[in-house]
Amino acid sequence: MKHTTKEHLRLERLIWDDNRLTWNAKFTALNLIYHKGDRGCFPKQVNIAKETGISIESVKKGIKELKHLLIIESDRFGRRSNDYFFLI
């Protein structure tokens, strides 16, 4: 179940206020925040693209940008997905 917590709201505010981020990175990050739960955050990139209305290529660029700015990190989760962690 997705739920809004103080942590989700804090992360959302940090993402919206970060002028270094492109819109693709912001949409990607906000989608990851939406999927963040007690068991991790591991949406497929294709699902992020569908839910945000941006292309898969834009999602990949957004993830790369977020990693470069040390906002997120990821670990491989099984064979099909990554588990994303917020570093901020």
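Trainee: How many residues does α2 have, and how far does α2 reach from its first C-alpha to its last?
Mentor: α2 has 13 residues and reaches 18 Å, close to the 18 Å expected at 1.5 Å a residue. That expected span is 1.5 Å times one less than the number of residues. Helices here are DSSP runs of H or I, at least four residues, numbered from the N terminus. Bear in mind that this is a predicted model: local features need pLDDT of at least 70, side-chain atom pairs count only at pLDDT 80 or more, and totals for chains, interfaces and linings use all residues. Residues are numbered from 1 along each chain as its sequence is written, and side-chain values use heavy atoms, leaving out hydrogens and water.
Trainee: Which residues of α2 are buried?
Mentor: Among them are A25, K26, L30 and H35. Buried means under 20% relative accessible area, with a 1.4 Å probe and protein chains only.
Trainee: New topic: where is K36 found?
Mentor: In the loop between α2 and α3. K36 is partly exposed, at 25% relative accessible area.
Trainee: And what does K36 touch?
Mentor: E7, H8, L11, C41 and F86, not counting residues up to four places away in sequence. Touching means heavy atoms within 4.5 Å.

How values were computed
Helix = DSSP H or I, 4+ residues; strand = E, 2+ residues; numbered from the N terminus. Buried < 20%, exposed > 50% of the residue type's maximum accessible area, 1.4 Å probe, protein only.
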